[in-house]
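Subject: Structure handover

Hello,

Here is the structure I said I would pass on. Please look through it first; my notes on what was found follow below.

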Amino acid sequence: MELNTKVMGHRGAALLAPENTLASIRAAASAGATWVEIDVYLIAEGGLVIFHDDQLDRCTNGSGVTREARPTDVAALDAGGWFSQDFVGEKVPTLLEAIECIQSLGLGLNLEIKHDTADVDTIVPAVMAMLRDHWQDNDKLMISSFNLAALQLCYDIGDQRHLAPLYEVIPEDWAEQLASIKAYSLNCDYLNLTQEQAQAIKAAGYKLLCYTANDPDAVAVYWAWGMDAVITDDPTRFAFLSNQQ
């Protein structure tokens, strides 16, 4: 796969529309992003929805533990009114709805698996089956996670997928971790990235993506370090890069 973008919309475009909604995905596309990053979360009854938090409260008019919410209950929530009146009635999308929306817009997808516990077999096989059945272009798909065990299971199920470990702070054994799943890229918090790390990652043959960059000046020098793309809440702030994509 050749990563054909320098800019990915974070949770769709989280500063332009309510995060992790279809409206946010559409906003990213309208802003010129050709890839979006969204979060897939396992809820009750095996449901897979696009959501970030362990609790429903911040991004919906509901409350309680996300993992325990039933699909029918989540489908009834308002996931847009908290952002602004313009988005009242926006829903929490299912993974399938998001996949269909993203492909209809011709976007690439960086799908982050949100799963903090060890039982990765409760979410990964279901996510991988959904992607197998409904995602068409493997070169427009990246699967990322802070949970290395989740990515290892992704690799076991579909070793042709483009996998990307996520790090807030890059560990000393990052090279071994990436090699264990034949990773495509390393995705990290730009605030904790050093030039030495960046150059080592690139020298090892991996793509380097940095989150969540909303100020182009803050990461300007990172391009020289080898950064391949930024993950941003507002792709319009990086519109100057669009003619380089």
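A residue is called buried here when its relative accessible area is under 20%, exposed when that area is over 50%, and partly exposed in between. Please keep in mind that this is a predicted model.

Aromatic pairs

The structure holds 7 aromatic pairs. One of them joins F83 and F87 edge-to-face, with 5.6 Å from centre to centre and 80 degrees between the planes. F87 has a relative accessible area of 19%, so F87 counts as buried. F83, at 27%, is partly exposed. Ring pairs also bring in W82, so that W82, F83 and F87 are linked into a cluster.

Y190 and Y222 form another of the aromatic pairs, again edge-to-face. Their ring centres are 6.0 Å apart, and the planes make an angle of 75 degrees. Y190 lies in the loop between β7 (185-189) and α7 (195-203), while Y222 lies in helix α8 (residues 222-225). Because these positions are 32 residues apart in sequence, the pair ties together separate parts of the chain. Y190 is buried, with a relative accessible area of 12%, and Y222 is buried as well, at 8%.

Salt bridges

Side chains of opposite charge can pair when their charged atoms come close. The count for this structure comes to 10 salt bridges.

D39 and R11 form one of the salt bridges, and their closest N and O atoms are 3.8 Å apart. D39 sits in strand β2 (residues 35-42) and R11 in the loop between β1 (7-10) and α1 (22-30), so this pair links distant parts of the chain, 28 residues apart. D39 is buried, with a relative accessible area of 0%, and R11 is buried at 14%.

R58 and D53 form another salt bridge, with 2.7 Å from N to O. Which of these two residues is buried, and which is partly exposed? D53 is buried, with a relative accessible area of 15%, whereas R58 is partly exposed at 40%.

K202 and D228 also meet in a salt bridge, at 2.7 Å from N to O. K202 belongs to helix α7, and D228 to the loop between α8 and β9 (229-232). The two residues are 26 residues apart, and their pair links distant parts of the chain. K202 is partly exposed, with 27% relative accessibility, and D228 is buried, with 18%.

Some of the salt bridges share partners, and these join R11, E19, D39, D53 and R58 into one network.

Cavity

Rolling a probe the size of a water molecule over the atoms shows where empty space is left. In the whole structure, the search finds 1 cavity of 30 Å³ or more. The largest cavity has a volume of about 50 Å³.

Which residues line the largest cavity? The lining is made up of E19, N20, T21, I50, F51, H52, C59, A79 and V92. By type, these residues divide into 5 nonpolar, 3 polar and 1 charged. E19 is part of this lining and also belongs to the salt-bridge network with R11, D39, D53 and R58.

Best regards

Notes
Residues numbered from 1 in each chain as written. Predicted model: local features only at pLDDT ≥ 70, side-chain atom pairs only at ≥ 80, totals over all residues. Heavy atoms only, no water. Phe/Tyr/Trp six-rings, centres within 6.5 Å; stacked < 30°, edge-to-face > 60°. Buried < 20%, exposed > 50% of the residue type's maximum accessible area, 1.4 Å probe, protein only. Helix = DSSP H or I, 4+ residues; strand = E, 2+ residues; numbered from the N terminus. Salt bridge = Lys/Arg side-chain N within 4 Å of Asp/Glu carboxyl O. 1 Å grid on protein atoms, 1.4 Å probe; cavity = no way out; pocket = protein on both sides within 12 Å on 5 of 7 lines; lining within 4 Å. Points joined across faces, edges and corners; volume = space filled by probe spheres on them. Nonpolar A, V, L, I, M, F, W, Y, C, P; charged D, E, K, R; others polar.
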